[in-house]
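Reader: I have a model to go through before I set anything up. Can you put it on screen and take some quick questions?

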Amino acid sequence: MVGSLTILGLESSCDDTAAAVLRRDDTGRTRILSSVVKGQTSLHADFGGVVPEIAARAHAELLDHCVEEALAQAGCAVPDIDAFAVTAGPGLIGGVVSGVMCAKGLAAATGRPLYGINHLAGHALTPRLTDDIAYPYLMLLVSGGHCQFLIVKDPETFQRLGGTIDDAPGEAFDKVARLVGLPQPGGPAVERAAGQGCAKRFALPRPLLDRPNCELSFSGLKTAVLRARDAVISEHDGLPDGLRRDLCAGFQTAVVDVLAEKTRRALTQYLQLNPAQPTVCVAGGVAANTAIRAALETVASDHNCAFVAPPLALCTDNAAMIAFAGLEQMALRAPDDFTLSARPRWPLDRSSQPMLGSGKKGAKA
C-alpha cells in the first residue's frame with residue numbers, strides 16, 4: 001500500500017445514527033480516529049420498540065451533526081476524506097435511505113468514491129478491525145434482527161452454516177422484557193434481572209437441540225416464557241419481582257445453552273477447513289451479553305480455538321465497522337455509482353437458500 005487512506009463511514013439501519021472516520025496507513029494498520037453514535041432510545045421508549053417512521057426522521061435530522069462531530073474529533077475536514085462508506089442495507093428502509101442519500105451527497109460534492117456496505121458485513125468484519133485476525137474465521141453474528149453462523153473467508157465471501165428460522169435473539173430479549181414488564185432496550189434489562197435470579201426455577205425449552213444442524217429458533221422459547229409468566233400471575237395475582245428475575249434467568253440461560261451447543265456444531269464444520277489460525281468470533285448487539293460471551297469463550301477453548309469478542313462499543317451498531325468494511329472491500333471491487341439504492345433485505349451468503357423465505361423485496365435472510 002502506498003500512502004495513507006482516510007474514510008468516513010455512515011450507519012443508520014435501525015435506531016442508532018452514527019458516523020466515524022478511520023485511517024489506514026502505508027503499512028496497512030487501521031486506526032479509528034473518531035466514532036460518534038447517537039441513540040434514539042428516548043424517542044421510542046413509549047412504544048415498546050422501534051417505530052420506523054420516527055427512526056427515519058431522527059436519522060435525517062442527526063446525520064449531518066454526526067458527520068460534523070466525527071470530522072471534528074478526527075481533526076479532519078470533508079476535503080481530507082478519500083472515500084465514503086455507508087450502510088446500504090439490510091435495515092429499516094427509511095433510515096437506510098437517509099444514510100445512503102447523505103453519503104451520495106458527500107461523494108458528489110467531493111468527487112470521492114462511494115461504497116455501499118452490507119450492515120451485516122460490518123459486524124462480521126469487526127474482529128479484523130479490532131484484532132487483525134486471519135481469514136477464514138467462524139463468526140456468530142447475533143443481534144436484534146439477525147442471528148447466523150458464518151465462515152468469513154474474505155471481505156466479500158461469507159458461507160452461512162445456519163441461523164435463526166424465526167426470531168433473532170435480540171428480538172426475543174426485547175419481547176421477553178415486555179412480557180415481564182422491564183424497560184427497553186430489553187437485552188440489558190433482562191441481563192441485569194437474570195443476574196439476580198435463579199435459572200432453575202422454571203423449566204424452559206432449548207429449541208432445535210434435537211436437530212443436528214446449526215439452525216436456531218427462539219420464538220417457542222419466548223412463548224414458553226409467556227405461559228410461565230401467566231401461570232405465575234394466576235397463582236400470585238401478579239408478577240413478584242423475585243419470580244420476574246427467575247424468569248429472566250431461565251430465559252437467558254436457555255438462550256446461552258442453545259447458542260453454545262449450536263456453536264459447537266458450527267465449529268465442527270469450520271475446523272474441516274483446517275484454518276491455520278482457528279478463531280471463533282462473536283459480534284452484534286447481543287454479543288454485549290456477558291453470559292453469552294463467557295459460554296462461547298468456553299466452547300472455543302474446548303476446541304483449542306482463539307476467541308475474539310470486540311469491545312462492547314463496537315458490538316452494537318456503529319459506523320466504524322462500516323468504514324472498515326469499506327476499506328477491506330476496496331481492494332476487491334470498484335466503488336458504487338449514484339444508482340446505489342437502499343436495500344431492506346440483503347443476505348450475506350447469496351449462494352445459500354434463504355432461511356426465512358423470500359418476498360417481493362428479495363430473500364429475507
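Reader: For the second largest pocket, how do the residues of the lining divide into nonpolar, polar and charged?
Author: This is a predicted model, to begin with. The lining of that pocket has 8 nonpolar, 3 polar and 5 charged residues.

Reader: What volume does the second largest pocket have?
Author: About 240 Å³. Its lining is made of 16 residues, and those closest to the centre are G116, E156, Q329, W346 and R350.

Reader: Which element gives the largest share of the lining?
Author: Strand β5, residues 114-118, which supplies 3 residues of the lining.

Reader: OK, overall fold. How many helices and strands?
Author: The protein chain has 11 helices and 12 strands. Its radius of gyration is 21 Å, close to the 21 Å that the globule rule gives for 365 residues, so the chain is as compact as a globular protein of that length.

Reader: And what does the C-alpha trace span along its principal axes?
Author: About 65 × 50 × 40 Å.

Reader: Salt bridges next. How many does the structure hold?
Author: There are 14. One of them pairs the side chains of R128 and E328, at 3.1 Å from N to O. That pair links distant parts of the chain, with R128 in helix α4 (residues 119-131) and E328 in helix α11 (residues 320-330), 200 residues apart.

Reader: Backbone checks. Which residues does a cis peptide bond join?
Author: P90 sits in the loop between β4 (83-89) and α3. Another joins Q184 and P185, with omega about 0°. P185 is in the loop between α5 (169-179) and α6 (186-194).

Reader: What about phi of L208?
Author: Phi there is near 70°, a positive value in a residue other than glycine. L208 belongs to the loop between α6 and α7 (219-236).

Reader: Why flag these at all?
Author: Because most residues other than glycine have a negative phi, and most peptide bonds are trans.

Reader: Last topic, the surface. Which residues make the nonpolar patch of about 250 Å²?
Author: I93, V97 and M101 make that patch.

Reader: Where is M101 placed?
Author: In helix α3, residues 93-110.

Terms used:
Residues are numbered from 1 along each chain as its sequence is written. This is a predicted model: local features need pLDDT of at least 70, side-chain atom pairs count only at pLDDT 80 or more; totals for chains, interfaces and linings use all residues. Side-chain values use heavy atoms; hydrogens and water are left out. On a 1 Å grid over the protein atoms alone, a cavity is a set of points where a 1.4 Å probe fits but cannot get out, and a pocket is an open set with protein on both sides within 12 Å along at least five of seven lines; lining residues have an atom within 4 Å of a point. Grid points are joined across faces, edges and corners, and a volume is the space filled by probe spheres set on the points. Helices (H or I, at least four residues) and strands (E, at least two) are DSSP runs, numbered from the N terminus. Ala, Val, Leu, Ile, Met, Phe, Trp, Tyr, Cys and Pro count as nonpolar, Asp, Glu, Lys and Arg as charged, and the others, Gly among them, as polar. Patches are made of residues with over 30% relative accessible area and no salt bridge: like charges are joined within 9 Å, nonpolar side chains (Val, Leu, Ile, Met, Phe, Trp, Tyr) within 5 Å. Accessible areas come from the Shrake-Rupley method with a 1.4 Å probe; for residues, only the protein chains shown count as cover. A salt bridge is a side-chain nitrogen of Lys or Arg within 4 Å of a carboxyl oxygen of Asp or Glu. The radius of gyration is taken over C-alpha atoms; the globule rule is 2.2 Å times the number of residues to the power 0.38.
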